[in-house]
Amino acid sequence: MTVNPITTGRIQSAIALASSKTGVDFDYLLGQAKLESGLNANAKAGTSSASGLYQFIEQSWLSVVKKHGAEHGMAWAANSIGQSSSGRLSVGDAGTKAAILALRNDPNAASLMAAEYASDNKASLEGTLNRPASGTDLYMAHFMGLGGATKFLKTMQANPQASGAALFPAAARANHNVFYDSNNQPRTLSAIYDRFADKLGGAAAGASATATPANYAAQALELGGDMNGSTVITGNNESADDALAWATTAMGRFTGKTTQAAVNVLRPTPDTARLAYMMLARLGG
């Protein structure tokens with residue numbers, strides 16, 4: 001399916017905004033979305049309940065919305081999600097459940113929840129593995145769930161040549177091309193991990209060739225409406241042109257391509273918060 005360039009611009013603007021609001025790396029979020037859905041917000045998996053830009057399955061989506069939805073203007077959704085004694089999440093009203101699950105197809109909601117999910121997984125994985133979590137580690141947590149990724153990564157540390165299909169038979173049945181090679185031989189944990197690393201890196205590099213946070217900060221402002229330079233969008237009497245100039249300069253510092261040691265990818269700075277404010281204001285958020 002070909003995604004309309006204007007739609008793609010709005011999607012990538014949403015990813016830039018999520019990165020700015022949460023501090024999670026823009027390139028990781030963009031690469032993940034490209035790999036998961038090809039930047040198609042309406043993508044639907046044929047073998048599971050996964051849907052949307054980041055292909056969240058139902059339980060994972062309900063979990064992250066329940067935990068973080070209220071922080072991002074979705075308190076109505078978070079408050080509607082209940083949890084049983086077994087830990088299963090549910091929504092009592094069918095219409096409300098449908099509306100919450102449909103948020104997976106909203107680029108803004110999906111990007112924000114993907115960023116929060118990555119942030120939570122990073123903290124948990126680093127605490128368990130006693131090392132920094134890479135983008136590939138985070139993608140494994142998205143693909144397999146936090147529990148599955150933790151099991152995978154800990155086992156790989158001890159025995160990288162172990163069979164992935166033997167360790168995760170159900171996942172292997174649902175994702176044959178991930179766990180088996182072209183000769184139908186089971187891949188080792190190390191081979192599976194390296195394959196994900198290559199795919200994620202390739203997706204991020206391909207997206208970054210034509211996309212930067214500054215570009216999509218600009219699009220977020222431009223797509224909101226008139227850019228005549230007179231519209232005040234911040235409390236400091238800055239015009240859209242002022243904000244765009246600042247965004248283009250500031251966002252270049254958060255791509256990882258320049259030295260910015262003080263920026264923690266999981267902790268927004270006043271600059272990123274200010275950019276998020278400007279983008280939201282211009283979009284009418």
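Ser 19 is found in helix 1, residues 5–22; helices here are DSSP runs of H or I with at least four residues, numbered from the N terminus. The model is predicted, so local features need pLDDT of at least 70 and side-chain atom pairs count only at pLDDT 80 or more, while totals for chains, interfaces and linings use all residues. Residues are numbered from 1 along each chain as its sequence is written, and side-chain values use heavy atoms, with hydrogens and water left out.

Ser 19 counts as buried because its relative accessibility is 8%; buried means under 20% relative accessible area, exposed over 50%, and partly exposed in between, with a 1.4 Å probe and protein chains only. Leaving aside residues up to four places away in sequence, Ser 19 touches Val 24, Asp 25, Phe 26 and Leu 29, where contact means heavy atoms within 4.5 Å.

I turn next to the nonpolar core. The largest one has 58 residues, and those with the most contacts inside it are Ile 15, Tyr 54, Trp 61 and Phe 152. Helix 6, residues 107–129, gives the most to this core, with 10 residues. Such a core is a set of buried Ala, Val, Leu, Ile, Met, Phe, Trp, Tyr and Cys residues joined through side-chain atoms within 4.5 Å. Among the contacts of Phe 152, not counting residues up to four places away in sequence, are Met 140, Phe 168 and Tyr 193.

Now the salt bridges. The count comes to four, a salt bridge being a side-chain nitrogen of Lys or Arg within 4 Å of a carboxyl oxygen of Asp or Glu.

In one of them, Lys 67 pairs with Asp 120, the closest N and O atoms being 3.4 Å apart. Lys 67 lies in helix 3 (residues 58–68) and Asp 120 in helix 6, so the pair ties together parts that are 53 residues apart in sequence. Lys 67 is exposed, at 55% relative accessibility, whereas Asp 120 is partly exposed, at 24%.

A second bridge joins Glu 126 and Lys 122, at 2.5 Å from N to O. Both lie in helix 6, four residues apart, about one turn of the helix. Glu 126 is partly exposed at 25% relative accessibility, and Lys 122 is buried at 15%.

Finally, Asp 137 forms a salt bridge with Arg 131, the closest N and O atoms being 2.7 Å apart. Is Asp 137 buried or exposed? At 0% relative accessibility, Asp 137 counts as buried, while Arg 131 is partly exposed at 26%.

Notes
Helices (H or I, at least four residues) and strands (E, at least two) are DSSP runs, numbered from the N terminus.
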